[in-house]
Amino acid sequence: MPSYQLRLWGDPVLTQAATEVADIDGRIAGLVERMTDTMYEANGLGLAAPQVGVGKRLFIYELEDEVLRTVINPTVVETRGEAEFEEGCLSIPGLYFPIVRPKEIHITGWDLDGSEVSIEADDIEARCLQHELDHLDGVLLLQRLDASQRKDALRELRRRAEGVTP
C-alpha cells in the first residue's frame, strides 16, 4: 500500500481540530498502515492523521526499541511537571525549537482492536504524545514559540518557500 504525502506548514488541514473516530474498522486500520509507512519513510517518531490530510483524532508513534502504538480518540487525564526540549516536526522539516511542555502525561484512548489504552509517560514519550495531541487540536510547534522565536521561524519558512538559499 503506498504511503501518504506529508502535509507541510501552510496546509490548512494542520490548523484544524480533528474529529473523533466513530468506528474503528478496516478503513481506520488501512489509514494506520499507510501512516506507518509514511512515518518510517520520513524517519519520524510519531505521526498524527492530520499530517497526512486526514482530519481524524488518531496518531501513531514508535520510540527506539519499542513497539508501534496507535492511539485513537486520545484524552489527557493528567499532566505533571515541566521540561524544555529541542523539538522538531515532520510537517516543518529541518527546523527545531526549544519547547516547554509538561514532563509527565497520562492519556487514555483506544487501540486498533477497540480496546481501551491507558498510557502514563515521561521524558521523550510524554513529549511525543503531547506533540501528536497538538496536531489533533490543530496546533503546530510555531504556536508554542514566543513572539520573537515565531517571527524568526516564519521568516525562515517564507524564505524556504520562496526558494531563497542562505
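Tutor: Histidine 106 is buried, at 14% relative accessibility; buried means under 20% relative accessible area, exposed over 50% and partly exposed in between, with a 1.4 Å probe and protein chains only. The model is predicted, so local features need pLDDT of at least 70 and side-chain atom pairs pLDDT 80 or more, while totals for chains, interfaces and linings use all residues. Residues are numbered from 1 along each chain as its sequence is written, and side-chain values use heavy atoms, without hydrogens or water.

Histidine 106 belongs to strand β6, residues 104–110. Strands are DSSP runs of E, at least two residues; helices are runs of H or I, at least four; both are numbered from the N terminus. Beyond its neighbours within four places in sequence, histidine 106 contacts Thr75, Val76, Val77, Glu78, Ser118, Ile119 and Glu120. Contact here means heavy atoms within 4.5 Å. With serine 118 there is also a side-chain polar contact of 2.7 Å. That term covers N or O pairs within 3.5 Å; within protein, one atom must be able to donate a hydrogen and the other to accept it, and residues adjacent in sequence count only if both are side-chain atoms. Glycine 10 is 31 Å from histidine 106, C-alpha to C-alpha, and 96 residues away in sequence.

Now the charges. The whole structure holds 13 salt bridges, each a side-chain nitrogen of Lys or Arg within 4 Å of a carboxyl oxygen of Asp or Glu. One joins arginine 101 to glutamate 87, with the closest N and O atoms 2.9 Å apart. This pair links distant parts of the chain: arginine 101 is in strand β5 (residues 92–101) and glutamate 87 in strand β4 (residues 83–89), 14 residues apart. Arginine 101 and glutamate 87 are both buried. They also belong to a salt-bridge network with Arg127, Asp134 and Arg144.

Helix α2 spans residues 123–136 and reaches 20 Å from its first C-alpha to its last, close to the 20 Å expected at 1.5 Å a residue; the expected span is 1.5 Å times one less than the number of residues. Of its 14 residues, 12 are buried. Glycine 138 follows α2, with a positive phi near 75°.

Compare helix α3, residues 147–161. Arginine 160 and glutamate 156 both lie there, four residues apart, about one turn of the helix. They form a salt bridge, the closest N and O atoms being 2.9 Å apart. Arginine 160 is partly exposed, at 35% relative accessible area.
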